[in-house]
Amino acid sequence: MEKKAISVKIYNDTYMLATEASEAHVLEIANLVDAKMKDLAQRKHIQSTDKVAVWTALDLAAELV
């Protein structure tokens, strides 16, 4: 399968992703990450995008474990 470029917007930044996954699947994942970042930033009063990203990664990893 050939990779295609898909543009996603996460936490006010646009990313161009090269992937073999379907566009619908990539957009679903990006929307989940975007929503979680916005929620955590608001609930924890975090201003730094880097810190929001780390909190989001930790939160998503905790869901997997």
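**Close-up views of a predicted model**

**View 1. Asp34 in helix α1.** Asp34 is found in helix α1, which spans residues 23–44; helices (H or I, at least four residues) and strands (E, at least two) are DSSP runs, numbered from the N terminus. This is a predicted model, in which local features need pLDDT of at least 70, side-chain atom pairs count only at pLDDT 80 or more, and totals for chains, interfaces and linings use all residues. Residues are numbered from 1 along each chain as its sequence is written, and side-chain values use heavy atoms, with hydrogens and water left out. The relative accessible area of Asp34 is 13%, and the residue is buried (buried means under 20% relative accessible area, exposed over 50%, partly exposed in between; 1.4 Å probe, protein chains only). Not counting residues up to four places away in sequence, Asp34 touches Lys9, Ile10 and Tyr11 (contact means heavy atoms within 4.5 Å).

View 2. From its first C-alpha to its last, the 22 residues of α1 reach 31 Å, close to the 32 Å expected at 1.5 Å a residue (the expected span is 1.5 Å times one less than the number of residues). Val26, Ala30, Asp34, Lys36, Met37, Leu40 and Ala41 are the buried residues of α1. Seen down the helix axis, these fall within an arc of 165°, so they line one face of α1 (the arc is that of the directions from the helix axis to the C-beta atoms). They pack against β1, β2 (13–19) and α2. The face turned away from the buried side carries the exposed residues Ala24, Glu28, Asn31, Gln42 and Arg43. His45 follows α1 and has a positive phi, near 55°.

**View 3. The largest nonpolar core.** This core has 10 residues: Ile6, Val8, Ile10, Tyr11, Val26, Ala30, Met37, Ala41, Ile46 and Val52 (a nonpolar core is a set of buried Ala, Val, Leu, Ile, Met, Phe, Trp, Tyr and Cys residues joined through side-chain atoms within 4.5 Å). The elements that give two or more residues to the core are β1 (4–10) and α1. Four residues, the largest share, come from α1. Leaving out residues up to four places away in sequence, Val8 touches Asp13, Thr14, Tyr15, Leu17, Val26, Leu27 and Ala30.

**View 4. Thr56 in helix α2.** Thr56 lies in α2, residues 49–64. Thr56 is buried, at a relative accessible area of 4%. Apart from its neighbours within four places in sequence, Thr56 is in contact with Val33, Lys36, Met37 and Leu40.

**View 5. Lys44 and Trp55.** Lys44 lies over the face of Trp55, at 4.5 Å from the ring centre (a charge sits over a ring if NZ of Lys or CZ of Arg is within 6 Å of the ring centre and within 35 degrees of the ring normal).
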